[in-house]
Amino acid sequence: MRIVLVGPPGAGKGTQAAFLAKNLSIPHISTGDLFRANISKQTELGKLAKSYMDAGNLVPDEVTIAMAKDRMEQSDAVNGFLLDGFPRNVSQAEALDEMLKAESMKLDAVLDLEVPEDEVVKRIAGRRICRNDSAHVFHVTYQAPKAEGVCDTCGGELYQRDDDSEETVRKRLEVYHTQTEPIIDYYKAQGLVVTISALGKVEDVTGKAMAALKGDGE
Ligand code: AP5
Ligand code: ZN
């Protein structure tokens with residue numbers, strides 16, 4: 001399957017993507033994670049991306065589209081993928097359509113995670129991520145690790161993202177509403193959007209998402 005995951009910052013895209021990708025045997029491709037990997041390796045792309053990310057703005061389309069294309073062309077993605085954080089505006093969505101068309105491929109679904117704004121703010125404020133693997137995501141109260149500051153899965157150190165400050169989160173939410181939300185209408189016109197509420201327990205949201213992707217509805 002070829003799936004796009006969309007939802008505001010802190011909706012739980014990364015959390016859900018880890019389970020959905022495993023259930024569906026497809027790679028989880030997160031442009032945010034790809035940028036953060038470049039930042040920690042201090043590449044030129046990482047240095048460029050960091051200046052935009054820390055301000056809560058989108059990284060320019062040209063570099064983002066090239067990076068996403070490069071990742072989607074890797075051998076593990078030929079039979080499908082779960083895109084998390086890409087596309088993030090209409091021009092990226094158009095570029096993705098072009099890429100897929102060139103390979104005679106198409107998307108199967110766009111999964112839209114709905115969460116009220118006060119809840120995303122709480123989720124982001126308490127989020128902690130493992131330095132060893134960005135798929136190991138915790139929350140100080142909702143998904144608390146057994147030992148404070150230590151990853152349950154691998155023992156790595158947990159940290160708070162630089163762009164999770166209150167001010168940057170406000171900017172990221174604004175960017176989501178103005179630039180990213182329009183892709184939902186873009187994909188609705190293609191009949192691809194399935195919307196679910198991402199409130200509730202992580203495993204219940206995964207169950208709803210799997211049912212929606214199989215066409216069972218909510
Ligand atoms: P990115 O990394 O994609 O961030 P985001 O979209 O803002 O989303 P988040 O990672 O903040 O949240 P999430 O929805 O994954 O939530 P999570 O699962 O962690 O992008 C970061 C930046 O990179 C952008 O601002 C931009 O600058 C740049 N960028 C990336 N892609 C780009 C693109 N295509 N174009 C241009 N620029 C791009 O969950 C959040 C918290 O909630 C966690 O603590 C988790 O434990 C908790 N939680 C999850 N589910 C639940 C639940 N059901 N109940 C209770 N708590 C829960
Ligand atoms: Zn870990």
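Visitor: Where is Leu-58 found?
Guide: In this predicted model, Leu-58 lies in the loop between H3 and helix H4 (61–72).

Visitor: Is Leu-58 buried or partly exposed there?
Guide: Leu-58 is partly exposed, since 18 other C-beta atoms are within 10 Å, and a buried residue needs 20 or more.

Visitor: Which residues is Leu-58 in contact with, leaving aside neighbours within four places in sequence?
Guide: They are Tyr-52, Arg-88, Asn-89, Val-175 and Gln-179.

Visitor: Which residues does the UniProt annotation "binding site" cover?
Guide: That annotation, from an unreviewed entry, includes Leu-58, Arg-88 and Thr-31. The annotated residues span 142 residues in sequence and the farthest two C-alpha atoms are 24.6 Å apart, so they do not all gather at one spot.

Visitor: And Thr-31, buried or exposed?
Guide: Thr-31, which has its place in helix H2, is buried, with 22 other C-beta atoms within 10 Å. Among the residues that Thr-31 touches, not counting those up to four places away in sequence, are Gly-85 and Phe-86.

Visitor: Turning to the ligand, how many residues surround ligand 1?
Guide: There are 36, and the closest are Pro-9, Gly-12, Gly-32, Gly-85 and Arg-127. The shell divides into 14 nonpolar, 16 polar and 6 charged residues. Elements that each supply at least two of its residues include H1, helix H2 (31–40) and H9.

Visitor: What covers the buried residues of H1?
Guide: The cover includes strand E1 (2–6), strand E4 (109–114) and helix H9 (202–213). Among the buried residues of H1 are Lys-13, Gly-14 and Leu-20.

Terms used
Residues numbered from 1 in each chain as written. Chains lettered and ligands numbered in written order. Predicted model: local features only at pLDDT ≥ 70, side-chain atom pairs only at ≥ 80, totals over all residues. Buried ≥ 20, exposed ≤ 12 C-beta atoms within 10 Å, placed from the backbone. Helix = DSSP H or I, 4+ residues; strand = E, 2+ residues; numbered from the N terminus. Contact = placed C-beta atoms within 7 Å. Near = placed C-beta within 6 Å. Nonpolar A, V, L, I, M, F, W, Y, C, P; charged D, E, K, R; others polar. UniProt positions renumbered as here; feature names shortened; annotations may be inferred.
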